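Me: I would like to go through a protein model with you, starting from the overall fold and moving on to individual residues. Could you take my questions as they come?

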Amino acid sequence: MNLFNLPAAELLQHLINGLTLGAIYSLIALGYTMVYGILKFINFAHGEILMFGTYAGFYLYYHLCDPSQGGVYVLAAFAVSMIFAMLVSAFFGIVIERIAYKPLRKAPRLAPLLSAIGVSIILMNLAAMMFGTKSMKFDYPFENQTLHFAGISITPNQIMILIVGLIMMVGLKLFIDNTRLGKAMRATSENQPVAALMGINVNMIISLTFAIGSALAAVAGVLIAMEFKIYPTMGQLAGLKAFIAAVVGGIGNISGAMLGGLILGVLETFGVVVIGIPHGLKDTIAFSVLIIILLFRPSGILIKHIREKV
């Protein structure tokens, strides 16, 4: 099998690389699509919430242990740091929603959008003041030596990204579809006034939505920091690409955000390999995909059909 004039093993290798990248995009995209599904606006401070959670996890991790020592204690410290990063991002998401977005719910749609951009700039500059502008590396909590089998190379960190991403995405889908809070979130997304009349605490549901989306972004942030680096503007480009992933899948659609992230990751990887786009210019692939989607399928791949009774 030679697709794109590449042997099967190499194709599978690039597919794994693309899915690994796409899993990170999907985790971040879920926050965008959840907020849009309920409030119908884009939280452009989402990337900065991710960044603050990552910094929180980073400093706690190095406070608890010396990663170079390895062992079970280091893995436990990493797990605790990951949970702490999720809690910090969830807290930031709730506070920002209450301060910057809640007062603007009845304002024109441009108002919360501008507020989100303002919050994003404030958080980036605040992070630069608090943590400095020098990038830092989040060390692996395990030996990240490449594993080889059947002509394919994969690292333990890539395996962790795929497993963690799958667990988080499936867990969120099950939560939304099968729990009372998930049903309340779907009801609030459909019609806030009617949901309130049915006894649903709309404000609490909105805060929960921000908390869950922000926590998932923090997981992606820690995974990014291990694979690349952590710095005050790390959430900017990752956030933009995740937003594109949400649009590709169908903004406001949970399954669409997951699918869009995976598709975008695979397209970026194969764009460099097949089309020959220089690695330094691979970001253009995501924005090209956005333009194509907006031109030919602006509602995204998974369109959410709403039946209205007259």
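This is a predicted model: local features need pLDDT of at least 70, side-chain atom pairs count only at pLDDT 80 or more; totals for chains, interfaces and linings use all residues.

Me: How many helices and strands does the protein have?
Reply: There are 11 helices and two strands in the protein.

Me: And in what pattern do they follow along the sequence?
Reply: The pattern reads α-α-α-α-β-β-α-α-α-α-α-α-α.

Me: What is the radius of gyration, and what would a compact globule have?
Reply: The protein has a radius of gyration of 20 Å. A compact globule with 310 residues would have a value near 19 Å, so the two agree. Along the principal axes, the C-alpha atoms fill a box of roughly 60 × 50 × 35 Å.

Me: What share of the residues is buried?
Reply: Of the 310 residues, 49% are buried. The accessible surface is about 15300 Å², and 69% of that area belongs to carbon and sulfur atoms.

Me: What about contacts between residues 24 or more positions apart?
Reply: Among contacts with a separation of 6 or more, 75% are between residues 24 or more positions apart.

Me: What is Phe78 in contact with, leaving aside its neighbours within four places in sequence?
Reply: Phe78 is in contact with Tyr61, Phe138, Pro141, Met160, Val222 and Met226.

Me: Where is Ser81 found, and is it buried or exposed?
Reply: Ser81 is found in helix H3 (residues 72-101). Ser81 counts as buried because its relative accessibility is 1%, and the cut-off for buried is under 20%. Leaving aside neighbours within four places in sequence, Ser81 is in contact with Gly57, Leu60, Tyr61 and Leu64.

Me: Which residues does Gly53 touch?
Reply: Not counting residues up to four places away in sequence, Gly53 touches Ala85, Val88 and Ser89. Gly53 is found in helix H2 (residues 46-64) and is buried, with a relative accessible area of 0%.

Me: And how far is its C-alpha atom from that of Gly221?
Reply: The C-alpha atoms of Gly53 and Gly221 are separated by 7.5 Å, although the two residues are 168 residues apart along the chain.

Me: On to backbone angles. What is phi of Lys40?
Reply: Phi of Lys40 is near 60 degrees, which is a positive value in a residue other than glycine. Lys40 is found in the loop between helix H1 (8-39) and H2. With a relative accessible area of 33%, Lys40 is partly exposed.

Me: Last one: where does Gln13 lie, and what does it touch?
Reply: Gln13 lies in helix H1. Not counting residues up to four places away in sequence, Gln13 touches Ile152 and Ser153. Its relative accessible area is 14%, so Gln13 is buried.

Key:
Residues are numbered from 1 along each chain as its sequence is written. Side-chain values use heavy atoms; hydrogens and water are left out. Helices (H or I, at least four residues) and strands (E, at least two) are DSSP runs, numbered from the N terminus. The radius of gyration is taken over C-alpha atoms; the globule rule is 2.2 Å times the number of residues to the power 0.38. Buried means under 20% relative accessible area, exposed over 50%, partly exposed in between (1.4 Å probe, protein chains only). Contact means heavy atoms within 4.5 Å. Accessible areas come from the Shrake-Rupley method with a 1.4 Å probe; for residues, only the protein chains shown count as cover.
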